[in-house]
Amino acid sequence: MSNKILIEVRNLSRFYGARCAIEDISFSVNRGEISGFLGPNGAGKSTLMQIICGVLAATSGSVSIAGHDILEDPVPAKRQLGYLPEQPPLYPDCTVDEYLYYCARLRGIKRSQVSGSVDISKQKCGLDGFGRRLIGNLSKGYQQRVGIAQALIHTPAVIVLDEPSSGLDPNQIIEIRELIRDMGRDHSIILSTHIMAEAQNICDRVLIMHQGRVVLDKELGSLQGTGDQQYIIVAFNEPPASLDQLYSLDGVTNIHALGNNRFRISCRNDPSLASVIAGTAAANRWGLCELVAESESLEQTYLKLTRATAGDDNGA
Amino acid sequence: MMIAAIAGFEFRRLFLSPLAWIVLATVQFILALLFYMLLSQYLQQPALYSGLGLTEIVVAGFYQSAGFILLLTTPFLTMRLISEELRTGSIRLLLSSPVAITQLVLGKYLGMVLFMLCLLGMVSLMPLSLMLGTQLDYGQFAAAVLGLALLMCSLTAIGLFVSSLFHHPAIAATATFALTLLLWTSHIAGTNSTGAVAAVTNYLSTLRHYNNFTGGMFNSADFAYFLLLMLTSILLCIWRIDSLRTHHW
């Protein structure tokens with residue numbers, strides 16, 4: 001996959017009156033990357049998505065999609081763009097087919113190719129056999145699928161999904177996630193969510209937003225396990241009186257007693273360390289009964305970054 | 001092409017809701033009653049209208065009433081055009097599509113105008129049916145049809161613009177009605193004045209310009225009036241939608 005930059009956001013700010021919704025955000029997204037924007041409600045995720053898609057104008061800064069500025073050169077930019085807003089933009093009085101035909105035409109697909117595009121996007125989103133159903137009569141999950149079908153009907157380079165799994169039941173969430181992961185093979189995807197597991201599950205990269213700023217921008221791999229540090233939680237039936245022996249193990253930096261004979265060992269990220277600890281415990285008959293490797297998870301990072309001033313919830 | 005796609009979709013969607021059907025049926029029914037009354041009056045007491053022909057009485061009278069009925073019904077047809085998209089958020093689909101706002105507005109406008117022309121065709125069948133029994137003044141008939149068409153296009157344009165101002169169709173309908181009624185009757189405001197005030201209020205009055213058409217007179221000033229109404233409303237609508245991006249809505 002080429003490393004071409006498909007979305008370039010530079011110094012983006014947006015004010016609603018005096019209130020700042022997003023402030024000086026810059027990032028870029030490469031082809032074939034699934035980027036997740038994670039943040040509490042009111043962090044500015046939806047505003048950012050809308051600006052990227054040209055629905056809102058930024059107060060300052062610029063967005064370019066596949067090399068076209070979204071405000072200077074909107075038509076070619078938007079041709080490369082599929083967008084699923086927070087509430088799917090559906091017409092409940094239309095059938096799925098009518099709606100998707102219209103979307104295909106709106107997105108500039110030639111009349112002769114519309115039918116094919118509609119069929120392909122329905123198939124991708126598991127909507128085969130739903131063509132003649134009224135959108136208003138579909139369940140929330142299927143409406144969401146129609147919304148996603150609409151966003152990918154013209155096979156855009158970039159797909160922006162705003163809270164794609166909100167309001168769905170757990171089975172539907174799993175299905176939608178699989179769909180998004182599938183789409184990630186052919187498209188660059190930006191999605192926003194406030195569900196940690198979702199970001200962890202489908203994204204290659206996570207950007208945490210808080211109060212209108214991006215406070216963290218990391219490849220997901222580096223958040224999970226490949227960092228410098230890891231934690232191992234151990235519990236012993238007969239804990240040693242002194243922890244010196246554990247401290248002396250190569251790589252252990254700190255040990256923290258958690259009570260109930262449980263300890264959290266901070267150590268260098270080395271996969272063999274867990275077995276060394278287990279071996280030491282067995283040799284000394286400490287009665288090892290629990291050993292869990294725990295890297296600093298996305299959740300902890302998220303909480304650390306957003307909790308400091310949480311409770312400031314202004315609505316996105 | 002994009003304009004045609006949007007217009008076609010809007011036109012077909014109109015028929016998905018009962019509203020369009022009800023409007024078609026109601027307008028047709030009320031106008032049929034009025035047509036029947038005008039015609040039977042003319043037939044029973046032709047002496048009352050000494051020197052005036054059938055076209056001047058029945059056809060002109062019919063189109064005058066039709067104009068007023070449309071003043072009452074157009075707001076219900078146009079109210080949803082944009083306000084509903086604002087309310088449900090589906091406007092985001094349009095704004096994120098590779099469509100210029102001008103194309104978007106023109107598409108919506110032409111879709112509704114197409115519907116209005118169907119309505120015009122249906123109601124015009126009634127005066128046309130007089131052809132079966134008598135000779136019509138086709139010149140006056142054509143002027144009246146053109147007048148009603150222009151009136152419909154102007155009311156639609158105003159309705160479209162007002163619909164883009166509000167998030168609730170009902171408010172859009174009320175405001176459209178208030179605005180068009182004000183224009184329709186603005187000559188009344190000038191009844192007791194002379195000079196510039198009277199000239200302005202008379203010029204603004206939709207009724208005055210419309211009555212010239214139904215009376216069989218094609219005056220380029222009246223034509224320009226309707227054209228101006230349409231253009232102004234459409235431009236305001238484009239401007240309003242463009243400004244949505246910078247405002248919070």
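Which pattern does chain B follow when read along the sequence? In this predicted model, chain B runs α-α-α-α-α-α-α-α-α-α-α-α, and its secondary structure amounts to twelve helices and zero strands. The radius of gyration of chain B is 19 Å, close to the 18 Å that the globule rule gives for 249 residues, so chain B is as compact as a globular protein of that length. Along the principal axes, the C-alpha atoms of chain B fill a box of roughly 65 × 45 × 30 Å.

Within chain B, one helix pair can be followed residue by residue. Helix α7 of chain B (residues 138–163) packs with helix α12 of chain B (residues 220–244) at an angle of about 20°, and their axes are 8 Å apart. Since angles under 35 degrees count as roughly parallel, α7(B) and α12(B) are therefore roughly parallel to each other. Their crossing is left-handed. On the α7(B) side, the residues that take part are B:Leu150, B:Leu151, B:Cys153, B:Ser154, B:Ala157, B:Ile158, B:Leu160 and B:Phe161. They meet B:Phe226, B:Leu229, B:Met230, B:Ser233, B:Ile234, B:Leu236, B:Cys237 and B:Arg240 of α12(B). Sorted by class, this contact holds 13 nonpolar, two polar and one charged residues.

Chain A brings strands into the picture. Four of them form an open sheet in the order β2-β1-β4-β5 (chain A), with antiparallel pairing. At the edges stand β2 (19–30) and β5 (68–69) of chain A, each with a single partner strand, so one side of each is left without a neighbour in the sheet. For β5(A), the pairing with strand β4 of chain A (residues 60–65) is antiparallel and extends over two bridges. A:Ser64 has A:Asp69, in β5(A), as its bridge partner. A helix also accompanies these strands: α1 of chain A (residues 45–52) lies across β1 (5–16), β2 and β4 of chain A. This helix runs at about 120° to β1(A).

How values were computed. Residues are numbered from 1 along each chain as its sequence is written. Chains are lettered from A and ligands numbered from 1 in the order in which they are written. This is a predicted model: local features need pLDDT of at least 70, side-chain atom pairs count only at pLDDT 80 or more; totals for chains, interfaces and linings use all residues. Axes are lines fitted to C-alpha atoms, for helices over the stretch in contact, and angles run from 0 to 180 degrees between N-to-C directions. Helices (H or I, at least four residues) and strands (E, at least two) are DSSP runs, numbered from the N terminus. Angles under 35 degrees count as roughly parallel, over 145 as roughly antiparallel, 65 to 115 as roughly perpendicular and the rest as oblique. A crossing is left-handed if the near helix is turned anticlockwise from the far one by less than a right angle, and right-handed if clockwise. Two residues are in contact if their C-beta atoms, placed from the backbone, lie within 7 Å. Ala, Val, Leu, Ile, Met, Phe, Trp, Tyr, Cys and Pro count as nonpolar, Asp, Glu, Lys and Arg as charged, and the others, Gly among them, as polar. Two strands pair if DSSP finds at least two bridges between them. The radius of gyration is taken over C-alpha atoms; the globule rule is 2.2 Å times the number of residues to the power 0.38.
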